[in-house]
Amino acid sequence: MSTVAPHRPLDAAVIAARDREDLVIGNEIVRHNRASRLIHWTVAVTFLISLLTGMPIWTPVFGWMAHLFGGLSVCRVIHPWTGVAFFIAAAVMFVQWVSDMRLEPDEKDWLGPKALQYMRYQTDDSNVGKYNGGQKLYFWAVSLGAVGLLLSGLLMWFPRAFPRVVLELAFLIHDITFILFAVSLVFHIYLGTAAEPGTFRSMVRGTVTRAWARLHHPRWYREVTGEEPRRKA
Amino acid sequence: MTSQSLEIRRSSASVWGSLSGMRTVPTVSKYIDTTTCIGCKACEAACVEWNETGRVQTVQTGTYQTLPTLHAQFWNLIRFNEREVDGGIAWLMRKDQCMHCEEPGCLAACPAPGAIVQYANGIVDVNPENCIGCGYCETGCPFDVPRFHQTTGKMAKCTLCVDRVDVGLEPACIKACPTGCLQFGTKDDMVAMGNARVAQLQANGFAQAALYNPDGVGGTAVVTVLAHGDHPDWYGLPANPHVPWGVKFWKKIVRPLGVIAIFGAVIGAFAHYTKFGPKEVRGADDRNANLPQG
């Protein structure tokens, strides 16, 4: 006969995850505190609305998205403002996270074939700290991309204030930056949900399990628990 | 409002227009002879009157010109240019308005389905019902014609009086012209008339006379006779207008590649999941194993 624990929505780990990070509580480790999760969701929501209002303006292939907001002319009004909100959120996120995102020398390999090896589950992750090289590069790409989208977007918002050649360039920069954003975002969401189960909890609960940390971020696991993540064979 | 009774050859942000293929419609054109224009501005008045665009405060620029450039409520502007030519003064007047390009850059740049249309007869028109006022058409236009209307938030420009042409009338500006320097008819007739006038001018001492009907935009539905045909810039016309390369590259190359890339990423993620599956956590992973509160 098994005993069932009473349901307690606010357990110790969730309470700790309000303002602490890198703290071990039972089987869980606090990964993202509330401020960190809040800024990530702010970036996510402002970007998502910008995406859904921008894509129907970009091409009629995604014209159906405009109906979610009441038509293309509504999208045209909403898009620049949520775009600015996204930039502000991304800037705050940058300040909040940048200290964790300094690239270590060997992590520059992630720009090359290492990203593909990672997707094939072929990389040796034993030295991966709180964030792996791919996550750090994605952070820098998002921060840089946010600046590119803002500057080109402002030009497109006020076309009569700028010369035509500059505007043509702005259209191209906004488009290319967005395409790179969209493609990498697909993989960002996929990796954070379906591909790596247990990750999404860190964005809602703020915690991950010990087993998750051992698998994906062994060095971080060592640092926060003081235990060796893997037994020597 | 776009004309409901005319078939549409091309529509912005759309794959097809509404051509049924059953009707054959001749392409129409305005004919402007700058050499017989006397700068009376009757066409300006007629345009304002017929299209009911209201009054705009004039701006004194030191010439007879009504406004420095076209305006959302002023679609037809006689430009007055003075220039020293061979020791004398050439007083050059040109009727500036939408050129109704065969390949309209505004239509190529426009993101709103049906906001800019090209009718079967070649007239390019803005449909305010679909226009979102983004101003992309300004970047697309090689002639700097479309204008943003501050009050309505829509773009506005010459319609070539499509509402008149539709019912068999000539455009208002043509109707008002007292010298006959403005004519209206099929594109073929207007080009023939223009070529005949150019030959006449060349025989009368204007060896450089030419008909302005630029190939870069596939020709225009406004053909202009220029006495100084080797210097269209003297009249405020671009020498070699074309849809901007940036707009073409953006719409014809970057955008389709981007759509493919985005769908590719989604398909790629699914393919990855089916081939490699999730990176499962092994070992103790019981989320209920937390210490209870307190």
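Reply: Two strands are taken as paired here if DSSP finds at least two bridges between them. The model is a predicted one. On that definition, 3 strands of chain B form an open sheet, in the order E1-E5-E6, and their pairing is antiparallel. Strand E1 (8-11) and strand E6 (124-126) of chain B are the edge strands; each has a single partner strand, so one side of each lacks a neighbour in the sheet. Direction ignored, neighbouring strands of this sheet are turned by 30° against each other on average.

E1(B) and strand E5 (residues 116-119) of chain B run antiparallel and are joined by 3 bridges. One residue pair can be named: B:Ile8 of chain B has B:Tyr119, in E5(B), as its bridge partner.

Chain B falls into domain 1 (8-243) and domain 2 (244-276). The C-alpha centres of domain 1 and domain 2 of chain B are 38 Å apart. Contact between them involves 7 residues of domain 1 of chain B and 4 residues of domain 2 of chain B. On the side of domain 1 of chain B that touches domain 2 of chain B, the elements giving two or more residues are helix H2 (105-109) and helix H3 (136-140) of chain B. H2(B) gives the most to that side, with 3 residues. By class, that side of domain 1 of chain B has 4 nonpolar, 3 polar and no charged residues.

Chain B also meets chain A: 45 residues of chain B are in contact with 49 residues of chain A. On the side of chain A that touches chain B, at least two residues each come from helix H1 (12-16), H3, helix H6 (164-195) and helix H8 (210-216) of chain A. H6(A) gives the most to this side, with 16 residues. Sorted by class, the side of chain A that touches chain B has 30 nonpolar, 7 polar and 12 charged residues.

H3 of chain A also packs within its own chain. The axes of helix H2 (residues 34-58) of chain A and helix H3 (residues 72-97) of chain A come within 7 Å and cross at roughly 150°. H2(A) and H3(A) are therefore roughly antiparallel to each other, and their crossing is left-handed. The residues of the contact of H2(A) with H3(A) comprise 16 nonpolar, 11 polar and 1 charged.

Technical notes
Residues numbered from 1 in each chain as written. Chains lettered and ligands numbered in written order. Predicted model: local features only at pLDDT ≥ 70, side-chain atom pairs only at ≥ 80, totals over all residues. Axes fitted to C-alpha atoms, helices over the stretch in contact; angles between N-to-C directions. Helix = DSSP H or I, 4+ residues; strand = E, 2+ residues; numbered from the N terminus. Parallel < 35°, antiparallel > 145°, perpendicular 65-115°, else oblique. Left-handed = near helix turned anticlockwise from the far one by under 90°. Nonpolar A, V, L, I, M, F, W, Y, C, P; charged D, E, K, R; others polar. Domains from an automatic or database assignment. Contact = placed C-beta atoms within 7 Å.
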